[in-house]
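Here are my notes on the model, point by point. Please read them with the structure open.

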Amino acid sequence: MNYNRCFHCGNKLIPSTADMKISYEELVVEVQDAPCEKCSYCSRISFGDEVYGTVERFMETMKPKGISGTVMNYYENIAKGIEEGQ
Ligand SMILES: [Zn+2]
């Protein structure tokens, strides 16, 4: 298996989930259980561009509704919300 390496310590990154806080223009949303990669050694977390892209697309569609400060679950609210919106 081909692992990415931690940018901080160079150890293996393993797939995991974590909470992230993301601000997009004037909106701030807390996202729970977002897919990420976590370092097996120093526990640093990195989210992929795809995750940011998905959350930003979601926030773009939600912007007119004013959801600033909302807590969202990545799979339940965001990934699903984008599917339903298309
Ligand atoms: Zn590390």
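1. **A loop residue to start.** S43 sits in the loop between β2 and β3. Its phi is near 65 degrees, a positive value in a residue other than glycine. S43 is exposed, with 12 other C-beta atoms within 10 Å. On the terms: a residue is buried if 20 or more other C-beta atoms lie within 10 Å of its own, exposed if 12 or fewer, and partly exposed in between, with C-beta atoms placed from the backbone.

2. **Provenance and numbering.** This is a predicted model: local features need pLDDT of at least 70, side-chain atom pairs count only at pLDDT 80 or more, and totals for chains, interfaces and linings use all residues. Residues are numbered from 1 along each chain as its sequence is written.

3. **Overall layout.** The protein chain has two helices and four strands. Helices (H or I, at least four residues) and strands (E, at least two) are DSSP runs, numbered from the N terminus. Along the sequence the pattern is β-β-β-α-β-α. Of the 86 residues in the protein chain, 16% are buried. Take the contacts between residues at least 6 apart in sequence: 58% of them join residues at least 24 apart. A contact means that the C-beta atoms of two residues, placed from the backbone, lie within 7 Å.

4. **β1 with β2.** Strand β1 (residues 13-24) and β2 run antiparallel, joined by 11 bridges. Two strands pair if DSSP finds at least two bridges between them. Y24 has L27 in β2 as its bridge partner. The hairpin of β1 and β2 has two residues between the strands, and E25 takes a positive phi near 50 degrees there.

5. **β2 with β3.** Strand β3 (residues 45-46) is antiparallel to β2, with two bridges between them. E37 is the bridge partner of S46 in β3. Five residues separate the two strands of this hairpin, and S43 is in its turn.

6. **β2 with β4.** Here the sense is parallel: β2 and strand β4 (residues 71-73) pair over three bridges. Q32 stands opposite N73 in β4.

7. **D33 deserves a look.** D33 belongs to strand β2. What is its phi? D33 has a positive phi of about 60 degrees although it is not a glycine. D33 is partly exposed, with 16 other C-beta atoms within 10 Å.

8. **P35, also in β2.** P35 is found in strand β2. P35 is partly exposed, with 17 other C-beta atoms within 10 Å. Leaving aside neighbours within four places in sequence, P35 is in contact with P15, T17, V51 and Y74. P35 and Y75 are 40 residues apart in sequence, yet 9.1 Å apart in space, C-alpha to C-alpha.

9. **The core.** The largest nonpolar core has 11 residues: V29, V31, A34, C36, V55, F58, M59, M62, M72, Y74 and I78. Two or more residues of this core come from each of β2 (27-39), α1 (49-62) and α2 (74-85). By a nonpolar core I mean a set of buried Ala, Val, Leu, Ile, Met, Phe, Trp, Tyr and Cys residues joined through C-beta atoms within 7 Å. In soluble globular proteins, nonpolar side chains tend to be buried together.

10. M72 lies in strand β4. M72 counts as buried because 21 C-beta neighbours fall inside 10 Å. Beyond neighbours within four places in sequence, M72 is in contact with V29, V31, Q32, N77 and I78. M72 and E30 are 42 residues apart in sequence and 6.1 Å apart in space, C-alpha to C-alpha.

11. **α1 has two sides.** α1 has 14 residues and reaches 20 Å from its first C-alpha to its last, close to the 20 Å expected at 1.5 Å a residue. The expected span is 1.5 Å times one less than the number of residues. Which residues of α1 are buried? They are V55, F58, M59 and M62. These cover an arc of only 100 degrees around the axis, so they lie on the same side of α1. The arc is that of the directions from the helix axis to the C-beta atoms. An α-helix has 3.6 residues a turn, so residues three or four places apart point the same way. On the other side of α1, D49, E50 and G53 are exposed.
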